[in-house]
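Work through the exercises below with the model open. Try each task before reading its solution.

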Amino acid sequence: MSETQRNIVILGGGTAGWMAANLFAHHLGQAVSVTVVESPEIGIIGVGEGSTPQLKAFFDTLGIAEAEWMPACNATYKTGIGFRGWSDAPGFESYFHPFPTDLDGFTAPAFFVNAYARRHNADAWAHPDRFFLPTALAARRLAPLAPDHFPFQIGYGYHFDAHLVGAFLRDHAVGLGVKHLQRRVVDVAVADDAVTHLVAEDGVSIPGDFFIDCSGFRSVIAQGALGVPFLPFASNLFNDSAVVMPTPRDPGGTNCQTISTAMQHGWVWGIPLTSRTGNGYVYAAGYCSADEAETELRAHLGLLDSAVEARHLKMKVGRVADSWSGNCLALGLAQGFIEPLEATALHIVQATVEGFVAAWRDGGFSPTHRDDFNRAIAARYEGIRDYIVCHYRVNRRTGTAYWRDNAANHELSDSLKAIITCWFTGRDLEEEIARQDIAKYYSPASWHCLLAGYGQFPDPAKLSRDAPLPPTDMAAVDDFIARCAMNFPAHDEALAALR
Ligand SMILES: Cc1cc2nc3c(=O)[nH]c(=O)nc-3n(C[C@H](O)[C@H](O)[C@H](O)COP(=O)(O)OP(=O)(O)OC[C@H]3O[C@@H](n4cnc5c(N)ncnc54)[C@H](O)[C@@H]3O)c2cc1C
């Protein structure tokens, strides 16, 4: 990093823009001057209310306590995602995808042994839900806050109001010295493949050394002015639309899981906040109209006769070829989007900024560091995408063309093909994940949960009946999980204690 202070200009004040502003100001301090330019008339997308555990790392990095930000953003704890109705297989109508925790070392091996045995046609319990503590916490509506005497950290994420989190992060960034300009940008000046300045509608010029494009799906700088190619994922992720409606918060207590319920032509999220439940039907416009989707969502929520307004959104699913191009970094929706099924968008925002800061620190603007960085980010997108595609590929619903076409889709990456082949030919899935070095995107536990959770096991006629290890005694697993869960507080009480 040069001794001279660099001007970083961030175009966009959505969650991505303000997360980036905070991270740059925090990591680079006086080495940079950070300015965020945003247009209140254009506004933010205003969805994106579920996270992975990475968001905890984000707030921890900035030194912001949960008591400071969670009540201000109507936030709740999240221990994972409950998938409902994605499989018609008896006994597999739902399953839970838990966030990883330190405790997995004790219970995941038992699950792997049983799943392996079940794949070899032994009579072994192989549904994921009895093996993981976060699943038990979600089922009992307990907060994932390990008490002091509990010897393991429990990983968790959050749900939050997108508008409130944006406002919170804006105020925090401004407190760190970030400048905030409210202007609509109408032009991007480029010379020799580098951006020199942005031009606001009042003619004001906003110069910078480095530009972060956080302008949402518009991607004003990267895809717009610099012409960075966009690589769509439409061949294996069909969803391109969403319709969103809130419902009152559950009077029976606040869930600490996102619920993903399969619908006729997609799925609905249910995200519990302290103020409301956020709901959104993510669907493929090639299979149903916006009106049909809204009617199906209203019926699902019991709002057929309600005056509550629905918001309709379009999604651009795919990624830019290079996140870092010239003196511009594309971030957030301007960089790409892999549909919201696993709530990974902000996770990628954070990983991109952290990776970019590391590359910049190590090598300045060296092309080698830039190229390594771009390769790593592209691989992350593809790795996460494959896991999400796998949900659709191994779904076991047959009622509509949407689900049948997804299950019959052969547009899979070589990596995903190898995972699916490994599973159905009864080989060791952990070994395959290690061979491909993809556990950094989704762990063996996540892959096992997904494949076993839909009740997808090989055809017994094609495999030997011999299981190499005897299945695990489930009573011991149940007892262990129940004893662990007893240590955790009720979710609503934990939320009240933050206020
Ligand atoms: C249906 C749906 C569900 C989602 N669910 C999740 C989820 O559960 N979890 C998750 O992590 N993510 C989710 N996402 C993604 C998430 O919404 C985004 O990653 C996140 O909100 C960040 O958006 P952003 O900041 O990139 O863009 P935006 O929020 O769209 O912000 C763009 C900013 O750019 C500004 N801007 C644009 N053009 C100009 C201009 N010409 N001049 C000045 N300013 C300009 C706008 O004013 C705005 O401030 C979801 C997305 C969709 C579509």
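The exercises cover a helix, a cavity, a pocket and the cysteines of this predicted model.

**Exercise 1. Helix H14**

Task: Determine how many residues of helix H14 (residues 444-453) are buried, and find what they pack against.

Solution: 
- Step 1. Apply the cut-off: buried means under 20% relative accessible area.
- Step 2. Go along the helix. Pro444, Ala445, Ser446, Trp447 and His448 are among the buried residues of H14. Cys449, Leu450, Leu451, Ala452 and Gly453 are buried too.
- Step 3. Take the count. Ten of the ten residues are buried, so H14 is mostly covered under the 20% cut-off.
- Step 4. List the partners. The buried residues of H14 pack against S5, H10, helix H4 (104-119), helix H12 (414-424) and helix H13 (429-436).
- Step 5. Check what comes after the helix. Gly455 follows H14 and has a positive phi, near 70 degrees.

**Exercise 2. The largest cavity**

Task: Find the volume of the largest cavity and the element that gives the largest share of its lining.

Solution: 
- Step 1. Search the whole structure. Four cavities of 30 Å³ or more turn up.
- Step 2. Take the largest cavity. Its volume is about 60 Å³.
- Step 3. Read off the lining: His97, Pro98, Phe99, Pro100, Asp104, Phe132, Ser443, Ala445, Ser446 and Cys449.
- Step 4. Assign elements. S5 and H14 each give two or more residues to this lining. The largest share, three residues, comes from H14.
- Step 5. Sort by type. The lining of the largest cavity has six nonpolar residues, three polar and one charged.

**Exercise 3. The second largest pocket**

Task: Describe the second largest pocket by volume, lining and residue type.

Solution: 
- Step 1. The volume of the second largest pocket is about 400 Å³.
- Step 2. Its lining holds 21 residues. Thr52, Pro53, Pro100, His347 and Tyr441 lie nearest the centre.
- Step 3. Helix H2 (54-62), strand S5 (94-98) and helix H10 (367-393) each give two or more residues to this lining.
- Step 4. By type, the lining of this pocket divides into ten nonpolar residues, eight polar and three charged.

**Exercise 4. The cysteines**

Task: Find how many disulfides the structure has, then decide whether Cys288 and Cys390 are buried or exposed.

Solution: 
- Step 1. A search of the whole structure returns zero disulfides.
- Step 2. Cys390 counts as buried because its relative accessibility is 0%.
- Step 3. Cys288 counts as buried because its relative accessibility is 3%.

Terms used
Residues are numbered from 1 along each chain as its sequence is written. This is a predicted model: local features need pLDDT of at least 70, side-chain atom pairs count only at pLDDT 80 or more; totals for chains, interfaces and linings use all residues. Side-chain values use heavy atoms; hydrogens and water are left out. A disulfide is a pair of cysteine sulfur atoms within 2.5 Å. Buried means under 20% relative accessible area, exposed over 50%, partly exposed in between (1.4 Å probe, protein chains only). On a 1 Å grid over the protein atoms alone, a cavity is a set of points where a 1.4 Å probe fits but cannot get out, and a pocket is an open set with protein on both sides within 12 Å along at least five of seven lines; lining residues have an atom within 4 Å of a point. Grid points are joined across faces, edges and corners, and a volume is the space filled by probe spheres set on the points. Helices (H or I, at least four residues) and strands (E, at least two) are DSSP runs, numbered from the N terminus. Ala, Val, Leu, Ile, Met, Phe, Trp, Tyr, Cys and Pro count as nonpolar, Asp, Glu, Lys and Arg as charged, and the others, Gly among them, as polar. Contact means heavy atoms within 4.5 Å.
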